[in-house]
Amino acid sequence: MKQYKLFSLVLLQLVAFCAALSTGSPSTKAWKPKISSLEERRKLRGLNHTSEIIGSIGFHHVEFFCGDAKSMAYRFSQALGMKITGETGQMTGNAKCVSYSLESEDFRLLITAPYSQ
């Protein structure tokens, strides 16, 4: 139960981070890291660091792979209040995996589990 709470906390932070990225202004220039060599990294030890923003336009969804997609999707649905908006599996002709999509406003999760062989 403790691991589930920790995982939920991490997921909520991920949702907040992704929402912040999707509402940011689109950037047309390519993202480049501020540090390009190991020597530059060594020089930065012990200094105050600033965060950098990746200039991405946005994203469509975040996909999690797990062993039991159905129960995981229902757990996320109950814990985070997200609606299950779609599913795919053998009933739709997908013979490789089963997936459930959850949606809350602009944020989408895709929970996927492979079929055993």
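In the predicted model, strand β1 runs parallel to strand β4 (residues 107-114), the two being joined over four bridges. Within this pairing, F65 lies opposite T112 of β4. The two strands belong to an open sheet of four strands, arranged in the order β1-β4-β3-β2 and with mixed pairing. Because β1 (62-65) and β2 (83-88) each have a single partner strand, they form the edges of the sheet, and one side of each is left without a neighbour there. From one strand to the next, the twist averages 20 degrees.

Helix α3 (residues 69-80) packs on this sheet, where it touches β2, β3 (97-104) and β4, and the direction of the helix makes an angle of about 10 degrees with that of β3. The helix comprises 12 residues and spans 16 Å between its first and last C-alpha atoms, which is close to the 16 Å expected at 1.5 Å a residue.

Four residues of α3, namely A69, A73, F76 and S77, are buried, and since they cover an arc of only 100 degrees around the axis, they are placed on the same side of the helix. An α-helix has 3.6 residues a turn, so residues three or four places apart point the same way.

Conventions
Residues numbered from 1 in each chain as written. Predicted model: local features only at pLDDT ≥ 70, side-chain atom pairs only at ≥ 80, totals over all residues. Heavy atoms only, no water. Pairing = 2+ DSSP bridges. Axes fitted to C-alpha atoms, helices over the stretch in contact; angles between N-to-C directions. Contact = heavy atoms within 4.5 Å. Expected span 1.5 Å × (residues − 1). Buried < 20%, exposed > 50% of the residue type's maximum accessible area, 1.4 Å probe, protein only. Arc of directions from axis to C-beta.
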